[in-house]
Amino acid sequence: MDTLQTSATADFAAPYGLLIDGKIVVSNDTFDVLNPANNEVLAKAPDASPDQLNAAVAAAKRAFPAWAALSWKQREAFLVKLYEALEAQKEEFITLLSLEQGKPRHSQADFEVNLANPWIPKTVKSRLDVEVIEDTDEHRVEVRRTPLGVVGAIIPWNYPYLHVLWKSVPALITGNTVVLKPSPYTPLCALKIGEIAARILPAGVFNIVTGGNDLGKLLTEHPDVGMITFTGSTATGRRIMASGAGTVKRITLELGGNDPAILLPDADWKSIVPNVFWTAFGNSGQWCIAAKRIYAHRSFHDEFVKAFAEYASQQKVGDGMDPTSVLGPVNNRMQFNKLVDMFADVKANGYKIAVGGDIDPNSKGNFVPVTVVDNPPENSRIVQEEPFGPIVPIIAYDSVEEVIAKANDTPFGLGATIWGRDREQAQAVASRIDAGNVWVNEGQNHPINAPFGGHKQSGLSVEHGGEGLASHTNSKTVMIHK
Ligand code: NAD
């Protein structure tokens, strides 16, 4: 394998290379990464071969015993150094993120990088202490946590910077080594993070391979990988469960959702229009925990739709590098075409559109107008499916019992937001929603030390918090006769 030049910082002008065994390496093949604002080639990314994937897993396996043998504090010191180096180049990362993902540089790309970096020191500060179950004069029983080995991390294209750290840092601090595979639509930030990590972490501890879905499949089947941590679609999650079964892998899945936003009868609906809007349309709706069905009580539904549509019509969709854009294009043509199909369904069924609605299938960039569908039927595709784009239905309901039943009538259970003046009543409704993350009078404000995961087909296991850290370990009960 050829070795590229690298330095203590990432060189944003240099070609992109894989991170294998502490070295930045080229690959014989490359694939194009497109700028979603114009679908022109932004960069060429290395298309890792199966041999390179195997080399990455072998390096991670070799590095595991020494990394696991370090104390938590020693691993913490390495990861804090990584944090400092990422902070030093965060402006370059924000630009690259905007270019490869499409999100506005000055707002949402800036937000993503500034949210994700501080998670490193916060995460590594936590501890998984030994739990003492019994300690008498005769007998001691304790539960220790031991790392699993090589963790394969597979991530999507909606938060391509944040997910690198979200997946890798908990796995690394608990003593595992990592092979990360980003989405082929957004591999660039991950590869530049890899350039930095190459100079900070011991060889083989952190590896990054980029390529298509087949590479992900090889990782999930690999006998030397002990755990797969995956974020992406429910369909892929099912495949990963199946391919991990052969070697009984530990599996964490963060999958799709169809999150309801419930505006209770006493909601201060006028004042919450911007909050509810951004809960639904942040990152152009390409957010697993975006509000995807807004239920407004019939007493104010029509007025709310009007105010919401007016606010929505003021938000500019455009190139993420244009400082006047507040919403960027959707990330890729595959997702754009799914939205073209969803918009066609809304039109074909004659549902009322409060704002937007006209998507240009031939648009050079993947631009989708902010669209609000007014009171479509409960069984419509726009209510039942996850569009993963800037379109949301606002549905009228009559009773709280009815809206709770509708909110829960879905195979998903990722998130929900409840809005109401009476906090106690809002919390009582929250307690009856079958979802992993429920917010009351706020949207998506999630601290990194709290567990995050989905109920039903939105996921398996959790990430972050004590439970999330523990999910990267084996439980080992030690019984000692005194
Ligand atoms: P995807 O499932 O198509 O791809 C995600 C990743 O899996 C990519 O890296 C892809 O290359 C890889 N992959 C695809 N097929 C694979 C296979 N058979 N084996 C192993 N790896 C494979 O999802 P996407 O289109 O990138 O992302 C959009 C979806 O992700 C949406 O449904 C969204 O709700 C979900 N999502 C969920 C969360 C969450 O935390 N719950 C966060 C972001 C996105």
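Student: In which element is the place of Glu142?

Tutor: The place of Glu142 is in strand E6, residues 139-147, where strands (E, at least two residues) and helices (H or I, at least four) are DSSP runs numbered from the N terminus. The model is predicted, so local features need pLDDT of at least 70 and side-chain atom pairs count only at pLDDT 80 or more, while totals for chains, interfaces and linings use all residues. Residues are numbered from 1 along each chain as its sequence is written, and side-chain values use heavy atoms, with hydrogens and water left out.

Student: Why is Glu142 called buried?

Tutor: Its relative accessible area is 7%, and buried means under 20%, exposed over 50% and partly exposed in between (1.4 Å probe, protein chains only). Glu142 therefore counts as buried at 7%.

Student: What makes the pairing of the side chains of Glu142 and Arg140 a polar contact?

Tutor: The distance for Glu142 and Arg140 is 2.7 Å, and a polar contact is a pair of N or O atoms within 3.5 Å; within protein, one must be able to donate a hydrogen and the other to accept it, and residues adjacent in sequence count only if both atoms are side-chain atoms. Not counting residues up to four places away in sequence, Glu142 also touches Val130, Glu131, Val132, Ile133, Lys476, Thr477 and Val478, contact meaning heavy atoms within 4.5 Å.

Student: Why is Lys482 called partly exposed?

Tutor: Lys482 lies in the segment after strand E22 (473-481). Its relative accessibility is 49%, and it therefore counts as partly exposed.

Student: Which residues are in contact with Lys482, leaving aside its neighbours within four places in sequence?

Tutor: They are Asp135, Thr136, Asp137, Glu138, His139 and Arg140. In this group, the side chain of Asp135 makes a polar contact of 2.6 Å with the side chain of Lys482, and the backbone oxygen of Thr136 lies 3.0 Å from a polar atom of the Lys482 side chain. Lys61, by contrast, is 421 residues from Lys482 in sequence and 36 Å from it in space, C-alpha to C-alpha.

Student: Why does His446 count as buried?

Tutor: His446 has its place in the loop between strand E19 (437-440) and strand E20 (455-456). At 18% relative accessibility, His446 therefore counts as buried. Leaving aside neighbours within four places in sequence, His446 is in contact with Asn437, Trp439, Pro451 and Phe452, and its side chain makes a polar contact of 3.5 Å with that of Asn437.

Student: How do you know whether Gln444 is buried or exposed?

Tutor: Gln444 lies in the loop between E19 and E20, and at 12% relative accessibility it counts as buried. Asn441 is found in the loop between E19 and E20 too, but its relative accessible area is 31% and it is therefore partly exposed. Phi is positive in both, near 60 degrees for Asn441, a residue other than glycine, and near 55 degrees for Gln444, likewise a residue other than glycine.

Student: Why does Thr247 count as partly exposed?

Tutor: Thr247 is found in the loop between H9 and strand E11 (250-254). Its relative accessibility is 34%, and Thr247 therefore counts as partly exposed. A polar contact of 2.5 Å joins its side chain to that of Lys249, and, leaving aside neighbours within four places in sequence, Thr247 is in contact with His222 and Pro223. Its C-alpha atom is separated by 9.8 Å from that of Met227, 20 residues apart along the chain.

Student: How many residues surround the ligand, and which are the closest?

Tutor: There are 30 residues around the ligand, the closest being Asn213, Ser233, Thr236, Leu255 and Glu386; a residue is near a molecule if one of its heavy atoms lies within 4 Å of it. A polar side-chain atom of Thr236 lies 2.7 Å from an oxygen atom of the ligand. An N or O atom in the side chain of Lys181 is 2.9 Å from a ligand oxygen, whereas a backbone N or O atom of Lys217 lies 3.5 Å from a ligand nitrogen. The protein covers 92% of the 840 Å² of accessible area that the ligand has on its own, computed by the Shrake-Rupley method with a 1.4 Å probe.

Student: Which elements give two or more residues to the shell around the ligand?

Tutor: They are helix H8 (213-221), strand E10 (227-231) and helix H9 (234-245). H8 gives the largest share of the shell, four residues.
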